[in-house]
Amino acid sequence: MSTAPVAAPVPERPLPTPTRESQPYWDGMREGRFMLQHCAGCGKVRHYPRPVCPHCFSQESSFKEAPQGGAIHTWTVCHHPFNFFFKAAAPYIVALIDMDAGVRVNAQLKGVAEADLAIGKRVKMGFEPVNKEVTLPFFVAE
Amino acid sequence: MAHPLHETAAVSGIGETAYTRGTPKSALALQLEASLAAIADAGLSPRDIDGIVPYFPGGGIAEDFIANLGLPDLKLSLFVPMGGATCVAAIQSAAMAVATGVCNHVLIAVGRTGYSGARVSTRLQQFPQFALAAEFEAPIGMFAPAQLYAQGARRHMDLYGTTARQLAEVAVVTRQHAILNGNVVMNKPLTVEEHHASRMISDPFRLFDCSLESDGGAAIIISRADRARDLKKPLVTIMGVAEGHPESPASIAQRPDLLEFGLVKSAPRAYEMAGVGPKDIDVAEIYDCFTFTVIRQLEILGFCKTGEGGSFVMDGRIGLGGDLPINTHGGLLSQGHVVGLNHAIELTRQLRGEAGRAQVKDAEVGLVTGYGDMGDGSIAILRRAA
């Protein structure tokens, strides 16, 4: 009988469960496109996706491709991996970006040193496929 | 005309378990132990409880309280799903119930095995309010409150020059207060150097900027003021109470101003209901899931201007003997994490004159806040009635 220790289960990456509202956003990610929901009534953009426009209460909307540039609004450097999947990546930067399209996106910022982080620094979105269905956004310096 | 909730309800009973790291008891058992202590403190029988607001998720639900305490005629069972703002917001719900005559004595109770049971990221998966964070932020490595709130703290530091030294001051003073209390998880002094040397969790939050994961239970009873007057303990009335919800409540990322918490809305309403202002507050128990959260709430509460919270906490101002003693029990940072119900308990003790070595001299009016669920904010202003 083997006395080798049983390997710990490999931690799995938490993955999004798209909703009926958010599916077009995730479909866009997979195609390398940043898709945002626009109100059919007043034209305003909203993120995250939801059924009703909070400005004009229209229930009709469509998704349109948005530009992928933006600027740092704030950030954190994650050292403690609250989910063990991220242990190998830590420390990693999660930057909250003011997208040029008028919404914000939180994602990992890659290739930028902590010392170079500043509010207003320009970045652009990249796309990282993690499996057949899911692609996640990240940012690099513009 | 006074608001119909102004001083029509009172905190009539308070109860706590020991705050520990490790317990063989279930969250429900802790919640019931604290509940029985609060009922005894008020001089009531469990049979008198006719309303219940259990903290949820975690611990028991109304059915458990009926089954364990033999409640003969429960008239109200509520959940207040506001995370860390729940307990103080529940004071508003309970006050409404007793002021309208629906209930006589409403029990608010928390039981938590945050150390020996499921940890924070796991617990939050149960919150529907965290569904957006789970979909859009957890996959990129961002889900725990320490991470989500760190971005707001970083922005405050960048915009206003708030420093790690100032964050440390909140942790150090809170620890000093905890040591006076006795029933605390962290009972050894903390220095600024130890704070700065503690490991980084999510920049700018170091370990000692973060609240504890602990085991324990806490409970309070809200009664109609005229009934509470005849009970065992000195009368502590509710002068003002309010809950507030921020814009983009389930996503901090999309909030126009990350630093505009629900307290921005609830604090002015509570002050107005109470008929007092920041200058009248003798002692404040501020929800302290993180050191920075205290600093920002002090600004919102009007003790200083936006951007000045960091300098406000320095120079002994928030310690015993200072202009505004805060978290005189040790808070979530050093006493234990029972979602801030320990803050309401401590404020009641202060106003009764039962706070022992941490007693603020002649404390008459005090406030307690709740903060959580990505920025919901609740507040209650209590008074020692003559």
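Guide: Let us start with strand pairing: two strands pair if DSSP finds at least two bridges between them. Helices (H or I, at least four residues) and strands (E, at least two) are themselves DSSP runs, numbered from the N terminus. In this model, A:C78 has B:S202 in β5(B) as its bridge partner. The strands concerned, β4(A) and β5 (residues 200-203) of chain B, pair in the antiparallel sense over 2 bridges.

Visitor: What should I know about the model and its numbering?

Guide: This is a predicted model, in which local features need pLDDT of at least 70 and side-chain atom pairs count only at pLDDT 80 or more, while totals for chains, interfaces and linings use all residues. Residues are numbered from 1 along each chain as its sequence is written, and chains are lettered from A and ligands numbered from 1 in the order in which they are written.

Visitor: How many residues of chain A are in contact with chain B, and which elements supply them?

Guide: Two residues are in contact if their C-beta atoms, placed from the backbone, lie within 7 Å. By that criterion, 29 residues of chain A are in contact with 27 residues of chain B. On the chain A side, the elements giving two or more residues are β4 (69-78), β5 (92-99) and β6 (104-110). The largest share, 5 residues, comes from β4(A). For the classes, Ala, Val, Leu, Ile, Met, Phe, Trp, Tyr, Cys and Pro count as nonpolar, Asp, Glu, Lys and Arg as charged, and the others, Gly among them, as polar. This side of chain A has 17 nonpolar, 10 polar and 2 charged residues.

Visitor: In which sense does β8(A) pair with β6(A), and in which with β7(A)?

Guide: Strands of a sheet pair through backbone hydrogen bonds, either parallel or antiparallel. Here β6(A) and β8 (residues 135-141) of chain A pair in the parallel sense over 3 bridges, with A:Q108 opposite A:F138. Strand β7 (residues 122-129) of chain A pairs with β8(A) in the antiparallel sense over 7 bridges, and A:F138 is there the bridge partner of A:G126. β7(A) and β8(A) form a hairpin with 5 residues between them.

Visitor: What is the strand order of the open sheet in chain B, and which strands stand at its edges?

Guide: The open sheet has 9 strands in the order β3-β2-β4-β7-β1-β8-β11-β10-β9 (chain B), with mixed pairing. β3 (76-77) and β9 (283-285) of chain B stand at the edges; each has a single partner strand, so one side of each is left without a neighbour in the sheet. Within the order, β1 (residues 9-16) and β8 (residues 236-244) of chain B pair in the antiparallel sense over 2 bridges, and B:A10 stands opposite B:T237 in β8(B).

Visitor: Where is the kink in α6(B) centred?

Guide: The bend at a residue is the angle between axes fitted to the seven residues ending there and the seven starting there. In α6(B) there is a kink of about 25 degrees, centred on B:Q151. The helix (residues 145-160) has 16 residues and reaches 22 Å from its first C-alpha to its last, close to the 22 Å expected at 1.5 Å a residue; the expected span is 1.5 Å times one less than the number of residues. Just after α6(B), B:G161 takes a positive phi of about 75 degrees.
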